[in-house]
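We'll hop from one spot to the next, and I'll tell you what to click on.

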Amino acid sequence: MGLDSVELVMSIEDKFGIQIEDSEAEKIYTVQDFADIVFSRIITSPTDKCLTQIVFYRIRKALRNLTSNEKEIRPDMKISELFTQSELKAKWSQLKKEVGLELPDLVALDFNPELGSHVKIFGIKTIKRTTPVSKGTLGQLVDWTISLNRDKLIDIEKISSKYEVERIICGITEDRIGVPISEIELHHSFTNDLGID
């Protein structure tokens, strides 16, 4: 286990007030593995409130105020269906203000899909560019938004579900290693997919 991994484990232990043994930490391969271990160590306080539903309705209300789109706004709708490429930057800033929460940062590929997903140096494919946020769905945007605003939206003393644990871990991972939240998925390997040593 490298230094980055150790620091990530320590950050998550501190956040949840738990201890993860070294032998257990060495068995954490994916983001989901981490969430499973943390969830098994905490006491939950189930609630009738659905965090994803609350955030989705908040985003949907803001989108209705910003778009003249007559389509039904659904969780499976792609963000790119709501804004043209030319209005994306301005509308994204307005959306952040309307929602009142941090949203993922847009990337170069959101504005110029012709860039391609890899940069070539001397004809060799070397650097993978960030996936465009606008290609994600509104359901994914809800997940990303919850992760980025975890301290505001999730009471660490009253975790109600494994989903909340997953969102907190994704958010801390984004903070600690610098991979954009839109690039962190539960099935991702910390080493192979996210580049943590």
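Start by selecting aspartate 36: at 30% relative accessibility it counts as partly exposed, a label for anything between buried (under 20% relative accessible area) and exposed (over 50%), taken with a 1.4 Å probe and protein chains only. Keep in mind that this is a predicted model, where local features need pLDDT of at least 70 and side-chain atom pairs count only at pLDDT 80 or more, while totals for chains, interfaces and linings use all residues. Residues are numbered from 1 along each chain as its sequence is written, and side-chain values use heavy atoms, with hydrogens and water left out.

Helices here are DSSP runs of H or I with at least four residues, strands are E runs of at least two, and both are numbered from the N terminus. Lysine 162 is partly exposed as well, at 30% relative accessibility.

Stay in H9 and click on glutamate 166. What is there around this buried residue? Glutamate 166 has no salt bridge, and the nearest side chain of opposite charge, lysine 162, sits 5.3 Å away (Lys and Arg count as positive, Asp and Glu as negative; His and the chain ends are not counted). Leaving out residues up to four places away in sequence, glutamate 166 touches Gln32, Ala35 and Leu186, where contact means heavy atoms within 4.5 Å.

Next, select arginine 150 and aspartate 175. They form a salt bridge, with the closest N and O atoms 2.3 Å apart. Arginine 150 belongs to helix H8 and aspartate 175 to helix H9, 25 residues apart. Arginine 150 counts as buried because its relative accessibility is 9%.

One step along, pick aspartate 151 and lysine 15 for another salt bridge, this one with its closest N and O atoms 2.4 Å apart. Here helix H8 (residues 150-153) is linked to helix H1 (residues 3-16), the two partners being 136 residues apart. Aspartate 151 is exposed at 55% relative accessibility, whereas lysine 15 is partly exposed at 27%. In total, the structure holds seven salt bridges.

Time to go inside. Select Phe16, Phe34, Val38, Trp92, Leu138 and Ile169: they have the most contacts inside the largest nonpolar core, which has 53 residues. Such a core is a set of buried Ala, Val, Leu, Ile, Met, Phe, Trp, Tyr and Cys residues joined through side-chain atoms within 4.5 Å. H4 gives the largest share, seven residues. Zoom in on leucine 138 and look for its contacts, among them Phe56, Leu63, Ile73 and Met77.

Finally, zoom out. The protein chain has nine helices and two strands, and its pattern along the sequence reads α-α-α-α-α-α-β-β-α-α-α. Of its 197 residues, 42% count as buried.

Key. A salt bridge is a side-chain nitrogen of Lys or Arg within 4 Å of a carboxyl oxygen of Asp or Glu.
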